Amino acid sequence: MNDNLEKDLAEIFEKIKEVAIYIQGVIGESEGEYFETQNSTGDMQLKADVKADLIIEKELSKIATIKSLCSEEKDECVICNLDGRYHVGYDPLDGSSIVEANLSVGTIFGIYDGEFTGENLVASAYVVYGPGIELVLAHKSVDLYTFQYGVFEYKKSLILKERGNINSPGGTQQHWEKHHKEVIESFFNEGYRLRYSGGMVPDLHQILIKGGGIFSYPGTADRPKGKLRMIFEVLPFAHIYELAGGGAIDAKSTRALELKPEHYHDTTPCFLGSKYEIEKIKEAYAKS
Ligand code: P6P
């Protein structure tokens, strides 16, 4: 039992609001320039990636209840407070490769009370840096805040209906397996609209804001384990989608929140969406 959870999360959420504003500034200055370095997943590192990561590490390590910070941009976790309790997995700037195209990008946080598994996720959050800054905080509900006149103002809770009409299909299409191609096509044949920017945060945010749909990043011939990282990306969004009334599974139809990463940077095929769409994915993959 954790009697301090609400108070602890309130402090962490306030800090996330603060770093969101700093990171927006970093993006604003960015001209898409890269370092010569790569991160643990082999992605080239934008200076904005590294700057955003340093901001988060500097600010969140000030919170005494946070024991460790595990970043997509670093090989290992950083222990910040030995007497702390929570382990925060985060992607400081997801989709940074599209910053140079001035498309929306985001930051993702998973707050784990114990080791990095879905069952230990006590809260998740993400920030969308777009025409405005939007923040979603998820603990007992999925709550949307918009940055207006210098503060984050609560707008509403986000809920996923039984089904939607957005289809957001990731992965290299020439490497999709036959059954995956067929189920993606089946949504389009039902009138779904293609909405895919290459930024996981705005793509998943759009489905939540519109109330339903399906996002997929499958295992493909070139990436059998998919591309999206469990700890920093898939588990936090799986937590958010389930809390909003939808679902999140892997290619074996296992609940994403039941997956147990073996390594910090493990990836998984993932499907996140409304209940109807998740069931269609399960049926299609069961036949394969
Ligand atoms: P692709 C961005 O690099 C990212 O990690 C996610 O934000 C996004 O969903 C995915 O990769 C896009 O990958 O292969 O479609 O470019």
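I'm counting a polar contact as a pair of N or O atoms within 3.5 Å. The model I have open is a predicted one.

**Entry 1: the ligand site**

I started with Asp94, where a polar side-chain atom sits 2.5 Å from an oxygen atom of the ligand.

Next I checked Tyr217. An N or O atom in the Tyr217 side chain is 2.6 Å from a ligand oxygen. For Met200 I had to look at the backbone instead: one of its backbone N or O atoms comes 2.8 Å from an oxygen atom of the ligand.

Then I listed the surroundings. Besides Asp94, Met200 and Tyr217, the residues around the ligand include Gly95, Tyr196, Gly198, Gly199 and Phe215. Lys227, Leu228, Arg229 and Glu233 are also part of that shell. Sorted by class, I have five nonpolar, three polar and four charged residues there.

**Entry 2: helix pairs**

I moved on to packing. Two packed helices are described by the angle between their axes and the distance between the axes.

I took α1 (residues 5-29) and α2 (residues 47-60) to begin with: their packing angle is about 160°, and the axes are 10 Å apart. Angles over 145 degrees count as roughly antiparallel, so I put α1 and α2 down as roughly antiparallel to each other. I noted their crossing as right-handed.

Then I looked at α3 (residues 178-189) against α6 (residues 275-287). Here I find an angle of about 150° and axes 9 Å apart. This pair is therefore roughly antiparallel too. As for handedness, α3 passes α6 in a right-handed crossing.

Technical notes:
Residues numbered from 1 in each chain as written. Predicted model: local features only at pLDDT ≥ 70, side-chain atom pairs only at ≥ 80, totals over all residues. Heavy atoms only, no water. Near = heavy atom within 4 Å. Polar contact = N/O pair within 3.5 Å; in protein donor to acceptor, adjacent residues only side chain to side chain. Nonpolar A, V, L, I, M, F, W, Y, C, P; charged D, E, K, R; others polar. Axes fitted to C-alpha atoms, helices over the stretch in contact; angles between N-to-C directions. Helix = DSSP H or I, 4+ residues; strand = E, 2+ residues; numbered from the N terminus. Parallel < 35°, antiparallel > 145°, perpendicular 65-115°, else oblique. Left-handed = near helix turned anticlockwise from the far one by under 90°.
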